Amino acid sequence: MLGLISSSAIGAEDTVIPSTFALIEESKTMIRVGGFYSNSNSSMDVTDPLRGDNFKLDFEEDLNLEESQFLPFFEAQYQFNSKHGIYFEWKQLHRNAEVKTLTVPFQVTLDDQIYDVQAGGELETTLNIDIARLGYKYNFYQGNNSNLGVSLGLHTMFIKTAFDGDIGICVEGESIQQCANAASPKLVNEEVTAPLPDIGLYGDYEFSPGFTFNAHVQYFYIKLDDVEGSLIDVRAGVEAAITENWHMAAAFNYYKVDVNFKHNINQVDSNVADYNLYYSFIGPMLSVSYYF
């Protein structure tokens, strides 16, 4: 899991730094900073303004958002004793792009208002997702060089979607041409999900002095009022102890977020799709940790 205590390094010939599993009660706090190279796939449910069919607007292919980029993350952990601890994690997934001539027209409903984006127009797109996680971890098994545990936590997602350019505002009953003429230069939608529960399993194994393999898997799914969301987080990697306090880690991570906000639930005759945001990435992660 987050902040899994990894192994210690071997120092000089006559000085052997004890295994992390022996130091676990001494190292109460861990701070980790790093970055991940994401290969992203994100989309939003919208409507074709001419045919009325719902389709997924691809942020990478249709709106030119970067598919691959390096993004930061931060983790912290406080260990009460060898079995109990708390953790905090923050990930930043921010991207923007500009399209000079949009080839895919679409309509989207946000806050009970229909917005129309026509083909041929100029559009600047922003997609920002920040994910904060706070939780509790419990090591239910501890061996000489391994441990297994379970985590219980809460996720909060801060999502900002912004379109800046040739955007029309549609009033119910208007034709496509009428709403396209009502120009609105910028559309910004910000959603904050209520804290959503997640459960996970984690473990680590010191296969050589100073080198630990660790992994975790976390999942949540929630449907509450007008919000439905899920998250899958799988990570596996190797952590090396540079000194007793400083560690470096390389891991491979798969992360998927799928959030659906059901706007216009009383407008049963609307042909505009619910607002759905899908984001996933798979790629390597690098980090540096300090234990004290």
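Contact here means heavy atoms within 4.5 Å. With that in hand, here are the close-ups, all taken from a predicted model.

**View 1. Phenylalanine 140 and what it touches.**
Leaving out residues up to four places away in sequence, phenylalanine 140 touches Lys83, Leu148, Gly149 and Val150. Phenylalanine 140 is found in strand E7. With 44% relative accessibility, phenylalanine 140 counts as partly exposed, because that label covers what falls between the 20% limit for buried and the 50% limit for exposed. Val150, one of the contacts, sits 10 residues away from phenylalanine 140 in sequence, and the two C-alpha atoms are 7.3 Å apart.

**View 2. The nonpolar surface patch.**
Zoom out from phenylalanine 140 and you get a nonpolar surface patch of about 800 Å², made by Phe140, Tyr141, Leu148, Leu201, Val217, Val234, Phe252, Tyr254 and Ile282. Which strands each supply at least two residues of the nonpolar patch? Strand E7 (123-142) and strand E13 (246-261) do. At 39% relative accessibility, valine 217 counts as partly exposed.

**View 3. The whole chain, for orientation.**
The protein chain has two helices and 14 strands. Buried residues account for 51% of its 292 residues. Take the contacts between residues at least 6 apart in sequence: 70% of them join residues at least 24 apart. The accessible surface of the chain comes to about 13500 Å², and 57% of that belongs to carbon and sulfur atoms.

**View 4. Strands E1, E3 and E4 side by side.**
Strand E3 (residues 68-79) pairs with strand E1 (residues 29-47) in the antiparallel sense, over 11 bridges. E3 and E4 form a hairpin, with four residues between them.

**View 5. Glutamate 239 and arginine 32.**
The structure holds nine salt bridges, and this view picks out the one between glutamate 239 and arginine 32, whose closest N and O atoms are 3.0 Å apart. Glutamate 239 lies in strand E12 (residues 227-241) and arginine 32 in strand E1, so the pair ties together parts that are 207 residues apart in sequence. Are these two residues buried or exposed? Both glutamate 239 and arginine 32 are buried. The two also belong to a network of salt bridges that links Arg32, Glu75, Arg235 and Glu239.

**View 6. Arginine 95 and glutamate 60.**
Arginine 95 and glutamate 60 meet through their side chains in a salt bridge, at 2.8 Å from N to O. The pair links distant parts of the chain, 35 residues apart: arginine 95 is in strand E4, and glutamate 60 is in the loop between strand E2 (54-58) and E3. Arginine 95 has a relative accessible area of 4% and is buried. Glutamate 60 is buried too, with a relative accessible area of 9%.

**View 7. Glutamate 98 and lysine 100.**
Glutamate 98 forms a salt bridge with lysine 100, and their closest N and O atoms are 3.3 Å apart. Glutamate 98 is partly exposed, with a relative accessible area of 38%. Lysine 100, at 56% relative accessibility, counts as exposed.

**View 8. Leucine 63 and the nonpolar core.**
The largest nonpolar core has 36 residues, and those touching the most other members are Leu63, Leu93, Phe106, Leu123, Ile131, Met157 and Phe163. Beyond four places in sequence, leucine 63 touches Leu57, Asp58, Ala97, Val99, Leu102, Leu123, Thr125 and Phe163.

**View 9. Lysine 186 beside phenylalanine 163.**
What does lysine 186 touch, not counting residues up to four places away in sequence? Its contacts are Phe163, Asp164 and Ile167. Lysine 186 and phenylalanine 163 are 23 residues apart along the chain, with 5.8 Å between their C-alpha atoms. Lysine 186 lies in strand E9 (residues 183-192). At 48% relative accessibility, lysine 186 counts as partly exposed.

Technical notes: Residues are numbered from 1 along each chain as its sequence is written. This is a predicted model: local features need pLDDT of at least 70, side-chain atom pairs count only at pLDDT 80 or more; totals for chains, interfaces and linings use all residues. Side-chain values use heavy atoms; hydrogens and water are left out. Patches are made of residues with over 30% relative accessible area and no salt bridge: like charges are joined within 9 Å, nonpolar side chains (Val, Leu, Ile, Met, Phe, Trp, Tyr) within 5 Å. Accessible areas come from the Shrake-Rupley method with a 1.4 Å probe; for residues, only the protein chains shown count as cover. A salt bridge is a side-chain nitrogen of Lys or Arg within 4 Å of a carboxyl oxygen of Asp or Glu. Buried means under 20% relative accessible area, exposed over 50%, partly exposed in between (1.4 Å probe, protein chains only). A nonpolar core is a set of buried Ala, Val, Leu, Ile, Met, Phe, Trp, Tyr and Cys residues joined through side-chain atoms within 4.5 Å. Two strands pair if DSSP finds at least two bridges between them.
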